[in-house]
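Subject: Structure handover

Hello,

Please find the structure below.

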Amino acid sequence: MDLGFLLHSLIPSWNSVAILATFFAYLAIVGSILPGKVVPGVVLQDGSRLHYRCNGLLSLLVLVGLLGIGAKMDYISPTAISDRGLELLSATFVFSFLVTLVLYAAGCKSRNQGSSLKPHFTGNLIQDWWFGIQLNPQFLGIDLKFFFVRAGMMGWLLINLSVLARSIQDATVSRSIILYQLFSVLYILDYFVYEEYMTSTWDIIAERLGFMLVFGDLVWIPFTFSIQGWWLLSNKPELTTAAVIANCFVFLMGYMVFRGANKQKHIFKKNPKALIWGMPPKVIGGKLLASGFWGVARHCNYLGDLLLALSFSLPCGISSPIPYFYPIYLLILLIWRERRDEARCAIKYKEVWAEYCKLVPWRILPYFY
Ligand code: NDP
C-alpha cells in the first residue's frame, strides 16, 4: 500500500461519517425503547445508584437482522465496512476526540455534587481530558459510558461480519477464518447475554469518562480486536486438524474460567451465601469470596480472558506477530489493571484484603504469577 493511498484512506469521508452517525443514532433509539432488564448499578459514594437497561443483545440481534435484510434487498453492501476500514477508523478517532472535548467542557461547567456528575480536577488540562472529569456523564438521559462500551463491542462484530462477507465474496473462506469468526462472535454474544455483569466492572464503577475510555471503547476495541480478521483477508495459514482441536480447547478453557469467575463474583455480590461449585462459599471478613475461581487466583477472570484472546489469534498460525497484537496488549493491560485494582482493594478492604492475599497468594496464574 503506498503512502499517498494510506493517507487518503485515513481522511474521514462523508460516507464513513454517515455510517457512524446512523450507527450511534440507531443505538441511542433502540437503547431507549427496546425492552430489557433494568439493573441497579453499584452503590456510589453518596449512596445513589444508577440504573442500566440491559437490552444490548436484543439491540444487536435487531441490528444484524436489519442489516441482513438490507443486504439481501441490495439496499446496503455487506462489505461497506470492510471497504472503508481506515476511513471509519479515522472518523471514529475524530469523533472520540471531539466528544471528549465536549465532555471536558461540560465537566468543567458542572456544579452537580452527586457522585456521578461531580467534577474531579487535577488542574492539568491534558490529564483531566485524558482521564475524564465526571464518573457517569449523561446525554439525553443516556449513560454515555455504558453506551460507548456497547457501541464498541457491537462495532467489533459488525467489522468482523463485513470482513467475513468480503472473504465469502472473494471465495477465500478457510478454517482459520471460520475459527476466528466463530470464537469472536461467541465472545461478543456472551458479552451481551451477560451485559448486566458489566455494571459492576472497574470501568463502570471506578474509571471517569475521558479520552482514554472513549477511545478505548470506540476505536481500540472494534479496530484492534479485529486485526486477526483483517490479517486473514490477505494471509492463508494452513491449520492441521490437531491445531484446530487444540485451538478449540484453548477457547473452551478460557471461556470456562472467564465466564465462571465473573459469574461467581456477580452471584456472590448478590447473595453471599450462594453455593460456589456446589459448596458453601469461603468468605473473608464477610466481604471477599475466597473459594471457587476466586480461591485459585485473585484475578482468575483475567487468566480466562487472556486464554480467550490467545484463542482468537491461534487460527492465524505463528508466521507473523501481527495477529498476536490483541493478546499481547491484553496481557500488558491486565497486569497493569490488576496492580491498580489490588491497590484500590487494599485501601478499601484493609486487613481483610491482606488476609485474602495470604490465603490466595497468586494474582493471575497459579504457581507462576
Ligand atoms: P473484576 O471484575 O475482577 O473486578 C474487580 C473488583 O472485584 C474489585 O475492585 C473488587 O470490587 C471486587 N473483588 C475483587 N476480588 C474479590 C473477591 N475475592 N471477592 C469479591 N469481590 C472481589 O475486574 P475488571 O472490572 O477489571 O474486569 C471484568 C472483566 O472484564 C474481566 O474478566 C476482564 O478480563 C475483562 N476485561 C477485558 C478487557 C478487554 O480489553 N478485553 C479490558 C478490561 C477488562 P469491590 O470493591 O466492588 O468489591
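Axes here are lines fitted to C-alpha atoms, for helices over the stretch in contact, and angles run from 0 to 180 degrees between N-to-C directions. Helices (H or I, at least four residues) and strands (E, at least two) are DSSP runs, numbered from the N terminus. The model is a predicted one: local features need pLDDT of at least 70 and side-chain atom pairs count only at pLDDT 80 or more, while totals for chains, interfaces and linings use all residues. Residue numbers start from 1 along each chain, as its sequence is written.

Helix pairs

Helix α2 (residues 14-33) and helix α6 (residues 144-169) have axes that come within 11 Å and cross at roughly 120 degrees. The two are therefore oblique to each other; angles under 35 degrees count as roughly parallel, over 145 as roughly antiparallel, 65 to 115 as roughly perpendicular and the rest as oblique. Phe-24, Leu-27 and Gly-31 of α2 make the contact with Phe-147, Arg-150 and Ala-151 of α6 (in contact means that the C-beta atoms, placed from the backbone, lie within 7 Å). These residues divide into 4 nonpolar, 1 polar and 1 charged. Ala, Val, Leu, Ile, Met, Phe, Trp, Tyr, Cys and Pro count as nonpolar, Asp, Glu, Lys and Arg as charged, and the others, Gly among them, as polar.

Helix α7 (residues 175-193) packs with α11 at an angle of about 10 degrees, their axes 11 Å apart. That makes α7 roughly parallel to α11. On the α7 side are Arg-175, Leu-179, Phe-183 and Asp-190, which meet Val-244, Asn-247, Phe-251 and Arg-259 in α11. This contact has 4 nonpolar, 1 polar and 3 charged residues.

The ligand

There are 20 residues around the ligand, and Thr-201, Trp-202, Leu-289, Asn-301 and Asp-305 come nearest (a residue is near a molecule or strand if its C-beta atom, placed from the backbone, lies within 6 Å of it). Two or more residues of the shell come from each of α11 (241-270), β6 (288-289), α12 (300-313) and α13 (325-349). The most come from α13, which gives 7 residues. By class, the shell has 10 nonpolar, 4 polar and 6 charged residues.

Ala-343 is in helix α13.

Regards

Note on methods: Two residues are in contact if their C-beta atoms, placed from the backbone, lie within 7 Å.
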